[in-house]
Amino acid sequence: MTAKFGVVVFPGSNCDHDAYYALKKILHTDVTFLWHKENDLQGSNIIILPGGFSYGDYLRCGAIARFSPIMNSIIEFANKGGLVIGICNGFQILLEAGLLPGIMLKNKSLQFVCKDVYLSTENRDTIFTKDIGTDKIIKVPIAHGEGNYFADEETLKSLIDNNQIVFKYSSGNGEVSEEFNPNGSVLNIAGIINKKGNILGMMPHPERSTDPVLNKTDGSIIFNSILNNFLN
Amino acid sequence: MVFFETFFIPFLKKIDGKQPLFSEQKIRIINLFKVTVIIKRRPSILDPQGKAVEKGAAHLGLKNIKDTRIGKFIEFTVDTDDQQTAEEEVKDYCIKLLSNPIMEDYEYSLEKVS
């Protein structure tokens, strides 16, 4: 079985083409767009819910996209163990769909934050992070107004106990502290995974750091990690 | 007058047994429920928006404003005669879409309109 990425296009998605470009032109993988009104995943075995402002972010980020027809197929696919990555708005959709625990609040500063950040990889034992080096640090950009991850204590304890916190905002040396928290996320959380390890949600944009022209390529490690470990 | 008969009468009358393009609307008694929903963030969840707005109050010189929390007010109608059906749909709407039960509480009120 060869890897085929499916990038979902919701009305208001705006990182769908970034993801498509990164996968097709930079990483030379098989990738297709999936329109949100379709039910067919077109043989995709890795689904990407891209960033953007699905349905204008009305009501709550991701709340309406969660009911798009394609989400039924994706939930079914994910529950069977299919690989799903939600990036930024995609992460918010995964939370609204209940595929990952917790909620997203407005950034503590109330400002939209757009900059490169360092992430400390807290769990390198996932299909998405196996290829990240032993220093655990990657540099990828964030761009969001509501990335302030929050969960109650019980949920946080469960995330910690099951090693589900995958990325935390950190310094370039891997120091995790409030100083390096761009949005107020509890425990500096930037990305989490479900217990089974097949659904990853992350606020930072790995697809925006794949092209060597931009002089940052750490995001490629995540996609290559999937490709390299896909068959295992 | 000829103009009127040629161009407007056909719209109003049945011609050759065909339905007119415009007909008098059937009059029926419409029963529906007017619903208002208020979504509030749980007290344990921070409300940075409320805090920011409150800073504006301070800048206005309002010294006694405290605990500003911002929620949502939503109104809509439910087109049914049956109150139980209406309430079931409203609750479903509130729980599954309008609010996120993890961080928000909702309250609603129904008013029958005839």
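Predicted model: local features only at pLDDT ≥ 70, side-chain atom pairs only at ≥ 80, totals over all residues.
F76(B) belongs to strand β2 (residues 72-78) of chain B and Y93(B) to helix α4 (residues 83-98) of chain B, so the contact ties together parts 17 residues apart in sequence.

Counting over all chains gives five aromatic pairs. Another one, Y20(A) with F33(A), is stacked, with 4.4 Å centre to centre and 15° between the planes. Here helix α1 (residues 16-26) of chain A supplies Y20(A), and strand β2 (residues 30-35) of chain A supplies F33(A), 13 residues apart.

| Residue | Relative accessibility | Class |
|---|---|---|
| Y20(A) | 23% | partly exposed |
| F33(A) | 25% | partly exposed |

Now for chain A as a whole. It's built with five helices and 11 strands. Its radius of gyration is 16 Å, close to the 17 Å from the globule rule for 232 residues, so chain A is as compact as a globular protein of that length. The C-alpha atoms take up a box of roughly 45 × 35 × 35 Å along the principal axes, and 57% of the 232 residues count as buried.

As for the surface, chain A exposes about 9,600 Å², with 48% of it from carbon and sulfur atoms. On the charge side, chain A carries 20 positive and 24 negative side chains, and the centres of the two sets lie 2 Å apart.

Note on methods: Residues numbered from 1 in each chain as written. Chains lettered and ligands numbered in written order. Heavy atoms only, no water. Helix = DSSP H or I, 4+ residues; strand = E, 2+ residues; numbered from the N terminus. Rg over C-alpha atoms; globule rule 2.2 N^0.38 Å. Buried < 20%, exposed > 50% of the residue type's maximum accessible area, 1.4 Å probe, protein only. Areas by Shrake-Rupley, 256 points an atom, 1.4 Å probe, with all protein chains shown as cover. Lys, Arg positive; Asp, Glu negative; His and termini not counted. Charge placed at Lys NZ, Arg CZ, Asp CG, Glu CD. Phe/Tyr/Trp six-rings, centres within 6.5 Å; stacked < 30°, edge-to-face > 60°.
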